[in-house]
Amino acid sequence: AHNVLGEANAIKRLGKVYLHRNQLDDAEALFEHAVQLHRQAHDVHGEANAIQSLGNVSLRQLQLNDAEASFEHAIELHQEAHNVLGEANAIESLGVVSLRQDRLDDAKALSEHAVQLYQKVHVVLGEANAIQSLGNVSLRQDSLDNAEASFECAVQLYQQAHDVLDKAEASFERTIQLHRQVHNLLGEANTIKSLGDVSLHQGRLDNAEASFEFAIQLHRQANDVLGEANAIQSLGDVSLCRGQLEKAEALFDLGNVYLRRNRIDNAEASFEHALQLHRQAHQVLGEANALKSLGDVYLHRDQLEDAEALFEHAIQLHRQADNVLGEANAIESLGNHAVQLHQQAHDVLGEANAIQSLGDVSLRQDRLEDAEALFQCTIQLHQQAQNVLGEAYDIQELGKLYLQWGKLDQAQQMFDCAIGLQQQVQSIYGKAMDVYYLGEVYVHQEKLKEAHALFERAIELYQHAHSVQDEAMVIEKLREVSLLLRDSHKSEALHLPDTKLGKHDQPSASGST
């Protein structure tokens, strides 16, 4: 008889392979087929999972409204099937969409709900993922203490999940011995397959592969066709498993918090650890992100050549991860050549961030024309990805460039625009930076009163964002402007005619009015 359910599950597995390879159209077609098969088999649970996978495809395609609709549908189906774990997974994914849409309150509420559901079903790994998402929300809200606490908690939970797998492995090994003692071939096959699942989650791919191959042989001996098919599918999952990627992502996020707090050594350690995990798992995109962030560390230390090399490597890996064949070299050089994007890659955000960092290098090296071209390029990429926060920081960088270049009117336009975008996404820290830099423009334009007011506003925003170091820097700048204003007022007083003085008592420099 035709096993519709087995076919649907196999098609979903194949769809995940294509999703991992970033062959999004192929993945989408397979998941849609799987949805139809699950409906045909009246399998609500499987249908929900397939629809959720369709949401993941839409998320990768930056089609956020479609992703949102898929995850909401999946949540309804999981609730209908009383599948708490599936519901938690879909809610956590919906929170990611809300975060991408800059709906921070919704994202926080969804992630907190997901944490509660994961705790209810005692799924530590899911809880860690949801807490990591909460950390990302806190990071966007400039709540650095909360973000750091969330990411540290997530790392601990990922380690706890790893320890649970070790205990499960020992139990399965003992069960295998018992099955062998009573010559229970089918029980031994099932347990060995479960042992392979544990090895797979631990990232021990060779052990997982060996277990699944052995399970396939035992299922064949027992004439268990369905069991053999399941073991073969799990063998395919070996190529998808990429080790402790969740832990690597949490370390990556924690590194970004350290970077924001100017704890450069801690940031470097976190990014290097994440880089090692991604390399062990042969996860190119994660490696690219970690390299780019390490480049940011070197940029903070003014190790410009090292930073430049890392950013270039990151861009190459982003394109490698996208399987973009025939794409011309996006960055021809960092001399006097401009950036030419001959073909857009799927990972627009990763590429945009890496190019933005290259622009930072060019700016620090006073290669202003190169930096201008790079920042203009990243603005377009972030607009394409509908990433308002990224666009805001690109425009801020362009404003800083024009300030350094002495093009004050253009700098003012950039910072005014960036302030509006930061306000749109509720980024207090980003807005504080833009307000400060706008004050710098006014200082250069000798509009000291306006600059004084902006610096006072920037101090308030930095206080709200709990950025003590930036607050102290602007306070010092405010003192400098206050002194300039005081000297300016004294100078004006010397040149103003005083009607109380007699004609012969007036300063010689002042003329008659």
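Which helix holds S133? S133 lies in helix α7, residues 124-140. The legends below describe a predicted model, in which local features need pLDDT of at least 70, side-chain atom pairs count only at pLDDT 80 or more, and totals for chains, interfaces and linings use all residues. Residues are numbered from 1 along each chain as its sequence is written, and side-chain values use heavy atoms, with hydrogens and water left out.

**Figure 1. The protein chain is built from 22 helices and zero strands.** Both are DSSP runs, numbered from the N terminus: helices are H or I with at least four residues, strands E with at least two. The chain has 513 residues, and 51% of them count as buried. Buried means under 20% relative accessible area, exposed over 50%, and partly exposed in between, with a 1.4 Å probe and protein chains only. Take the contacts between residues at least 6 apart in sequence: 59% join residues at least 24 apart. Contact means heavy atoms within 4.5 Å.

Figure 2. S133 has 11% relative accessibility, so S133 counts as buried. Neighbours within four places in sequence aside, S133 is in contact with E92, V96 and S111.

**Figure 3. L277 sits in helix α13, residues 264-280.** L277 counts as buried because its relative accessibility is 10%. L251 is 26 residues away along the chain, and the C-alpha atoms of L277 and L251 are separated by 9.9 Å.

**Figure 4. Helix α19 packs its buried residues against α18 and α20.** α19 covers residues 408-424, which is 17 residues. From first C-alpha to last, α19 reaches 24 Å, close to the 24 Å expected at 1.5 Å a residue. The expected span is 1.5 Å times one less than the number of residues. Buried here are L408, A411, Q412, M414, F415, A418, I419, L421 and Q422. Q426 follows α19 and has a positive phi, near 60°.

**Figure 5. α18 (388-405) and α20 (428-444) pack against each other.** Their axes are 11 Å apart, at an angle of about 20°. Axes are lines fitted to C-alpha atoms, for helices over the stretch in contact, and angles run from 0 to 180 degrees between N-to-C directions. The two helices are therefore roughly parallel. Angles under 35 degrees count as roughly parallel, over 145 as roughly antiparallel, 65 to 115 as roughly perpendicular and the rest as oblique. The contact uses Y393, Q396, K400 and L403 of α18, and residues of α20 including Y429, M433 and Y437.

**Figure 6. α20 meets helix α21, residues 448-464.** The axes of α20 and α21 come within 8 Å and cross at roughly 160°. The pair is therefore roughly antiparallel. Residues in the contact include I428, Y429 and M433 of α20, and L448, L454 and F455 of α21.

**Figure 7. α21 has 17 residues and reaches 24 Å from its first C-alpha to its last.** That is close to the 24 Å expected at 1.5 Å a residue. The buried residues of α21 are L448, A451, H452, L454, F455, A458, I459, L461 and Y462. Just after α21, H466 takes a positive phi of about 60°.
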